[in-house]
Amino acid sequence: MRETVHFLKVTVLLGLTVLVLAARCEGGREESTVPRIVTTTDVFEDGYPAEKAIDRLAHLGYEGIDMGFDYWVFDGSPFLADNYIDWARGLRKHADEVGIPYTHAHAPGEADDDQWVERSIEATAVLGAKYLVIHPIFKSADEVIEDKSEFIAINAEAIKKWLPLAKQRGVVLLSENILWGASSDPRIIASLVKEVDSPYFGWCFDVGHAWCFGYSPDIVKECGVVPLSIHIQDNHGNGDEHLIPGDGTIDFDVFVSALKESGYRGDCVLEAHHQSLYAPDEERDGILARLLEVARDLRW
């Protein structure tokens, strides 16, 4: 009898352990309660060797990489080659060996740029990243779209075309608030998410883009849809400067508080790349180290 009771206790404990582990995992990957600090690869110039970027960012202490495919559109780019999947597969292997995952990616162009979107979805999946940001369509017949309904209709149609591939590849597509007409209002981007209504489509809140149009970081609380990712950068309110937080005029205390209140639970994704991008290479490690320290202080 005693042995039977002991067996039952062990069985229950093992079952509880499995349940706890399952609750902490998504898609086979453990989810941390502490947001990872992720930076875009756009901190380096077009064509900067991707393997070298992996090594450098891992050495500095970053916890994830946002692959900027938008910086890989040039003659001779491996992203544009026929064997781009092999290139992405090699990068995934190298990142796994070094111990820093690709978590996000950014497509070139807009949601109706067929060659870029399809290629980006495929490569994002091979890299092992979960999220792919695709800029919304902001023009129609060479005119910037100002009307909310027109903007949502055009973009919903474009995004829905990609949902079967996104689902098949396990990639979540994200639109973000950008810099032209209706695309600049985060609330309209959130409305687009509601219209599409798919687990494979969400939105990315770019706090720097919002600030260019006078939107305080706490506008995220008005959107009614929790963002699945964020782009953290700073500016002075009159241009898209992509500065390290604190080097511009955005109130990041308000930003962090608003994110918490909105229910955001994703990564700390940095798109503060201009200072590193335009610096001499020998100065980059210092700039990127400062960016990382700022993000650690910022992390909720």
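The cysteine C212 counts as buried because its relative accessibility is 18%, where buried means under 20% relative accessible area, exposed means over 50%, and partly exposed lies in between, with a 1.4 Å probe and protein chains only. C223, at 3% relative accessibility, likewise counts as buried. A disulfide is a covalent bond between the sulfur atoms of two cysteines. The structure holds zero disulfides, a disulfide being taken as a pair of cysteine sulfur atoms within 2.5 Å. The model is predicted, so that local features need pLDDT of at least 70 and side-chain atom pairs count only at pLDDT 80 or more, whereas totals for chains, interfaces and linings use all residues. Residues are numbered from 1 along each chain as its sequence is written, and side-chain values use heavy atoms, with hydrogens and water left out.

Helices are DSSP runs of H or I with at least four residues, strands are runs of E with at least two, and both are numbered from the N terminus. Helix α3, which spans residues 84–98, packs against α4 at an angle of about 30 degrees, with the two axes 8 Å apart; axes are lines fitted to C-alpha atoms, for helices over the stretch in contact, and angles run from 0 to 180 degrees between N-to-C directions. That angle makes α3 roughly parallel to α4, since angles under 35 degrees count as roughly parallel, over 145 as roughly antiparallel, 65 to 115 as roughly perpendicular and the rest as oblique. On the α3 side, Y84, I85, A88, R89, L91 and R92 meet R119, E122, A123, A125, V126 and L127 of α4. By class, this contact of α3 with α4 has eight nonpolar, no polar and four charged residues, where Ala, Val, Leu, Ile, Met, Phe, Trp, Tyr, Cys and Pro count as nonpolar, Asp, Glu, Lys and Arg as charged, and the others, Gly among them, as polar.

Helix α4 (residues 114–127) also packs with helix α5 (residues 148–169), at an angle of about 15 degrees and with axes 9 Å apart, and α4 and α5 are therefore roughly parallel to each other. Their contact (heavy atoms within 4.5 Å) involves D114, V117, E118, I121, E122 and A125 of α4 together with K161, W162, L165, A166 and R169 of α5. By class, this contact has six nonpolar, no polar and five charged residues.

Helix α5 also holds N155, which is buried because its relative accessible area is 1%. Leaving aside neighbours within four places in sequence, N155 is in contact with A111, P136, I137 and L192.
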